[in-house]
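Open your viewer and get ready to click along. We will walk through one protein model stop by stop, and at each stop you will hear what to select and what is there.

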Amino acid sequence: MGVVEVLGHRYKPNATEMPSWTPAVTHTGNSGVISEDSRRVLENNKNFIEHTVEPTPDSVLILTPVKNNAEHLEQYFSLLDKLEYPRNRTSIAFLVSDSDDTTQEMLVQAQRWYQDEGPKEMRFHRFEIYRQDFFYSLARSQRHSRKKQLQRRTVMARARNYLWTRALGNEQWVVWIDGDLEQYPATILRDLMAYDKDIIVPNCMQRTSKDGGIHWKTRVYDRNAWQETDKSRAAIAKLDKDAFLLEGYKSLKTYRRYLDNFPKEDTIVPLDGVGGTFTLVKADVHRSGVVFPTWIFEHQVETEGFAKLAKANGFGVYGLPFYYIRHISS
């Protein structure tokens with residue numbers, strides 16, 4: 001991806017290597033013995049943060065559910081470290097679920113480095129790690145199988161709800177960030193906040209190559225961000241109440257409008273569905289009771305169901321077709 005121009009700024013992907021905290025973890029597997037670090041993470045699950053009614057102005061809570069994400073954590077923290085946002089206003093929380101790699105160990109070491117061992121200016125206001133296993137296993141090759149999506153997305157919704165209900169304190173904003181993003185602008189938090197919307201998402205892209213990286217094509221990755229059309233509403237009206245809709249499958253036509261279907265003058269557009277790659281939410285949306293549905297709500301679950309439920313409760317949902325971030329290549 002070349003230069004991206006948004007709100008008068010010009011951005012170039014500028015990833016650097018991970019800072020010196022990067023741990024060399026040896027994963028010993030399940031020996032039946034719980035380490036002190038693991039015991040502390042599990043004990044943290046019991047904590048419900050007491051927060052004031054009024055949120056702290058400009059404070060943000062970054063939430064990331066992770067599963068077997070060890071190989072991407074270096075890039076994850078590298079991008080966070082470039083964010084142009086005050087650390088004393090930034091909190092971060094992870095939910096580790098069903099992981100059998102070194103994800104949890106690496107997060108514990110990252111927490112120790114950022115909060116205790118590293119420079120004080122690198123410290124987050126809070127850095128929390130939670131563990132909740134849902135005993136759900138799906139081969140990576142089956143991750144996008146249409147038949148597996150309802151169960152998979154329901155488990156993801158449970159994970160998101162578990163995380164925000166424990167981690168949310170008195171923050172003004174919540175941002176859901178995928179654990180495997182490749183690039184986003186350093187000013188993205190302030191850029192998205194400037195729109196002052198209840199829920200807002202950028203356009204998440206992905207580079208693909210069929211010849212080992214010699215030639216690349218860029219496509220929209222997050223097809224969960226969409227707008228209903230007259231044609232999609234007409235199709236929905238014919239469905240059974242419990243029909244579950246998905247995007248990105250040739251065998252299922254939904255007739256919705258995605259973020260790459262808008263003209264350049266449409267810099268911000270209302271949406272009816274969102275994904276979770278980078279989703280900024282006013283924390284009061286969650287506090288009002290809007291969750292990630294684990295049941296089929298208006299034919300959707302998880303993030304798309306969250307957008308539908310938010311709109312049903314009077315909140316606004318928006319997307320930025322020409323504000324680009326990038327997901328790792330598959």
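Buried residues make up 50% of the 330 residues in the chain; buried means under 20% relative accessible area, exposed over 50%, and partly exposed in between, with a 1.4 Å probe and protein chains only. This is a predicted model, in which local features need pLDDT of at least 70 and side-chain atom pairs count only at pLDDT 80 or more, while totals for chains, interfaces and linings use all residues. Residues are numbered from 1 along each chain as its sequence is written, and side-chain values use heavy atoms, with hydrogens and water left out.

**The whole chain**

Switch to a cartoon view. The chain has 8 helices and 14 strands; these are DSSP runs numbered from the N terminus, helices being H or I with at least four residues and strands E with at least two. Among contacts with a separation of 6 or more, 80% are between residues 24 or more positions apart; contact means heavy atoms within 4.5 Å. Now show the surface: the chain exposes about 16300 Å², and carbon and sulfur atoms supply 48% of that. Accessible areas come from the Shrake-Rupley method with a 1.4 Å probe, and for residues only the protein chains shown count as cover.

**The nonpolar cores**

Next, select Phe77, Leu80, Ile92, Phe127, Ile177, Tyr184 and Phe278. These have the most contacts inside the largest nonpolar core, which has 42 residues. A nonpolar core is a set of buried Ala, Val, Leu, Ile, Met, Phe, Trp, Tyr and Cys residues joined through side-chain atoms within 4.5 Å. Helix H3 (residues 103–117) gives the most to this core, with 6 residues. A second, separate core has 36 residues, including Leu61, Ala93, Phe292 and Phe306.

Zoom in on Phe278. Leaving out residues up to four places away in sequence, its contacts include Trp176, Tyr184, Leu192, Pro202 and Ile325.

Click on Pro202 next, in strand S8. Is Pro202 buried or exposed? At 4% relative accessibility, Pro202 counts as buried. Beyond its neighbours up to four places away in sequence, Pro202 touches residues including Leu259, Phe278 and Tyr323. Pro202 and Leu192 are 10 residues apart in sequence, and their C-alpha atoms are 8.1 Å apart in space.

**An enclosed helix**

Select residues 302–312, which form helix H8. Because 9 of these 11 residues are buried, H8 is largely enclosed by the rest of the structure. What covers the buried residues of H8? The cover includes helices H4 (149–167) and H7 (283–287), along with strands S8 (199–208) and S14 (317–327). Just after H8, look for Gly314, which takes a positive phi of about 90°.

**Pairs of helices**

Two packed helices are described by the angle between their axes and the distance between the axes. Axes are lines fitted to C-alpha atoms, for helices over the stretch in contact, and angles run from 0 to 180 degrees between N-to-C directions. Arg153, Met156, Ala157 and Arg160 of H4 meet Glu302, Thr303 and Glu304 of H8.

While you are in H4, select Ala159. Ala159 is buried, with a relative accessible area of 8%. Ala159 touches Leu95 and Phe134, not counting residues up to four places away in sequence.

Now show H1 (residues 36–44) together with H3: they pack at an angle of about 85°, with their axes 10 Å apart. H1 and H3 are therefore roughly perpendicular to each other, a label for angles of 65 to 115 degrees, while under 35 is roughly parallel, over 145 roughly antiparallel and the rest oblique. Asp37, Ser38, Arg40 and Val41 of H1 make the contact with Gln104, Val108, Gln111 and Arg112 of H3.

**Last stops**

Most residues other than glycine have a negative phi, and most peptide bonds are trans. Select Asp58 in strand S3 (residues 56–66): Asp58 is not a glycine, yet has a positive phi of about 65°. Asp58 counts as partly exposed, at 45% relative accessibility. Then go to Asn68, in the loop between S3 and helix H2 (73–82), where phi is positive too, near 50°.

Finish at Lys217 in strand S9 (residues 217–220). At 65% relative accessibility, Lys217 counts as exposed.
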